[in-house]
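Q: I am new to this structure. Could you show me how to read some of its features, one at a time?

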Amino acid sequence: MKIGIIGGGISGLTLAWYLQQAGVPYDLFEADARPGGNLHSQPTPAGYLLEVGPNSLQLSPELQELLTDLGLTNQIQDAAAVSQQRYVLREGRYQVLPGSPPALLTNGFFSLKAKWQLLKEFRRPAGPLDATETVAHFFRRRFGPEIVDYAVNPFMAGIYAGDPEKLLIHKTFPQLPALEQQYGSVLRGFAKSSKGAGRRRIITLQNGLQTLTDTLAARLTNYQPSTAVTAISRAADGTYQLELKGPQGWEAAPGYSHLALALPTYAAAPLLEPLFPPAAAALAAVHYPPMCAVYSAYDRAAVAHPLNGFGALNPKVENPYAAGSIWTSSIYPNRVPAGQVLFTTFVGGAQYEAAARQPEDAQKAAVHAELSRFYGITAAPRWQARYCWPRSIPQFDERIVAAHAAADALAADNIVAVANWRAGVGVPDCVRYARRQAETLGLRRDDN
Ligand SMILES: Cc1cc2nc3c(=O)[nH]c(=O)nc-3n(C[C@H](O)[C@H](O)[C@H](O)COP(=O)(O)OP(=O)(O)OC[C@H]3O[C@@H](n4cnc5c(N)ncnc54)[C@H](O)[C@@H]3O)c2cc1C
């Protein structure tokens, strides 16, 4: 048994790490010179430490174990306590979003009608299981329209670059319909099933999250950077051969009993096309909306808002330009020179695609104008930069269904998909899934 892993983002690196621990032979090929894929930390000469991709991670048990294995626990930096508070735009000004269902009832953010709808959720009968139900439809049905407009919509835009009217509930949050079916009410289900479970820590690493993927790559014995897989073929004995384009030019790597696709669907599709055309078509159809991160730094004195939170999200019903901003200097104050504040503003995603395609100057100006309006900013930014993702985060909408079915079918041909489009887009999801796949492959090593 030998596994060819294509893609050295967090998914591929984690898979390789656990295969290596289990003594399963593998080769990992990464097209880029830098490992980590989306995890990309960039210190700037002006003294900012930017995260181009993920900013913060929920410290899941699997992530904690991985960090411990790699000797990185001394680098964990918790998000500042203040960042437990999150703001949402309502009637043109940022208001604190209640952080729990009980707080929803006591805080003045939602109307009395919305609070009454929320209480009624306990007694609302469970609906039929519907694999085509969207996130918005599910929440509207159980909790009413205001919760969708002012909590679900901005949350889905800010975290998933998504549109709740399109994302499927059973793909995005499968646990919620399950709670509804099991307990007759999502809230009752939450109350019963999460007893004693505290909030997970939100963390980064001192020199940026890329430390995690850099360390993983450095510990792997069979990691080949700057080596793109350009084609897959199959020998008569069923083993796979990879065509590679690396520093030495074109090469072939034969003899893999299994392949792991640890790359986005749009990169996997052309590789699968000659051998598995229907799977390739299903993967090619997955939607990745464009998104840009615009970084804006100001003198603290020029910003009226206290910035006492993680950041602020903008619901679509408020007609915003951006999906929202993370207050980087509030969450991780050491990442910004003293006396300044830094906003990371997300422009684009499935609900704001046209804005993501605007030229850089127009986008920076629009972000500055919107920040000035909502935060009471009285000066020009000291510094601005942007980074764009033409294809950002895979959408778990109706198009993901065929891609997941194709991935399930490929397993019969010893090809596993281990990437963010498979079992959740968060980095902890990728770590959990890759580790589970490594364990499964490790168990099968004696069969092949
Ligand atoms: C802007 C942004 C912000 C985010 N914020 C957060 C956050 O705060 N918290 C969080 O938990 N998650 C966040 N995410 C999600 C998370 O970062 C990703 O889901 C995760 O990093 C994906 O990892 P991956 O390994 O599955 O894929 P990728 O990171 O896409 O890695 C795939 C790798 O495959 C390589 N590759 C592609 N084609 C080939 C080929 N032919 N041959 C060899 N190699 C190839 C690529 O170069 C790449 O390195 C964010 C994502 C984005 C885009």
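**Reading helix 8 and the rest**

A: Helices (H or I, at least four residues) and strands (E, at least two) are DSSP runs, numbered from the N terminus. Residues are numbered from 1 along each chain as its sequence is written. This is a predicted model: local features need pLDDT of at least 70, side-chain atom pairs count only at pLDDT 80 or more, and totals for chains, interfaces and linings use all residues.

Q: Which residues of helix 8 are buried?

A: A residue is buried if 20 or more other C-beta atoms lie within 10 Å of its own, exposed if 12 or fewer, and partly exposed in between, with C-beta atoms placed from the backbone. In helix 8 (residues 175-183) the buried residues are Pro177, Leu179 and Glu180. They lie on the same side of helix 8, because they cover an arc of only 155° around the axis. The arc is that of the directions from the helix axis to the C-beta atoms. After helix 8 comes Gly184, with a positive phi near 80°.

Q: How many bridges join strand 12 and strand 13?

A: Strand 12 (residues 240-246) pairs with strand 13 over 6 bridges, in the antiparallel sense. Leu244 has Glu251 of strand 13 as its bridge partner, and Tyr240 has Tyr256 of strand 13. The two strands form a hairpin, with 2 residues between them.

Q: What is the strand order in the parallel sheet?

A: The order is 10-2-1-14-20, in an open sheet of 5 strands with parallel pairing. Strand 10 (223-224) and strand 20 (415-417) are at the edges with a single partner strand each, so one side of each has no neighbour in the sheet. Within this sheet, strand 1 (residues 3-6) and strand 2 (residues 26-29) pair in the parallel sense over 4 bridges. Opposite Ile6 stands Phe29 in strand 2.

Q: Where does Glu91 lie, and what is its phi?

A: Most residues other than glycine have a negative phi, and most peptide bonds are trans. Glu91 is not a glycine, yet its phi is positive, about 50°. Glu91 lies in the loop between strand 7 and strand 8. Strand 7 (residues 86-90) and strand 8 (residues 93-97) run antiparallel and are joined by 5 bridges. Val88 has Gln95 in strand 8 as its bridge partner. Strand 7 and strand 8 form a hairpin with 2 residues between them. Glu91 counts as exposed because it has 6 C-beta neighbours inside 10 Å.

Q: Is Asn414 buried or exposed?

A: Asn414 counts as buried, with 20 C-beta neighbours inside 10 Å. Asn414 is placed in the loop between helix 16 and strand 20. The phi of Asn414 is near 60°, a positive value in a residue other than glycine.

Q: What does Ala406 touch?

A: Two residues are in contact if their C-beta atoms, placed from the backbone, lie within 7 Å. Not counting residues up to four places away in sequence, Ala406 touches Pro278, Ala279, Ala282 and Leu283. Ala406 belongs to helix 16 (residues 398-410) and is buried, with 22 other C-beta atoms within 10 Å. From C-alpha to C-alpha, Ala406 and Ala279 are 5.0 Å apart in space, although 127 residues apart in sequence.

Q: How many residues surround the ligand?

A: The ligand is surrounded by 36 residues, and the closest are Gly7, Gly9, Gly37, Pro54 and Asn420. A residue is near a molecule or strand if its C-beta atom, placed from the backbone, lies within 6 Å of it. The largest share of the shell, 3 residues, comes from helix 1.

How values were computed. Two strands pair if DSSP finds at least two bridges between them.
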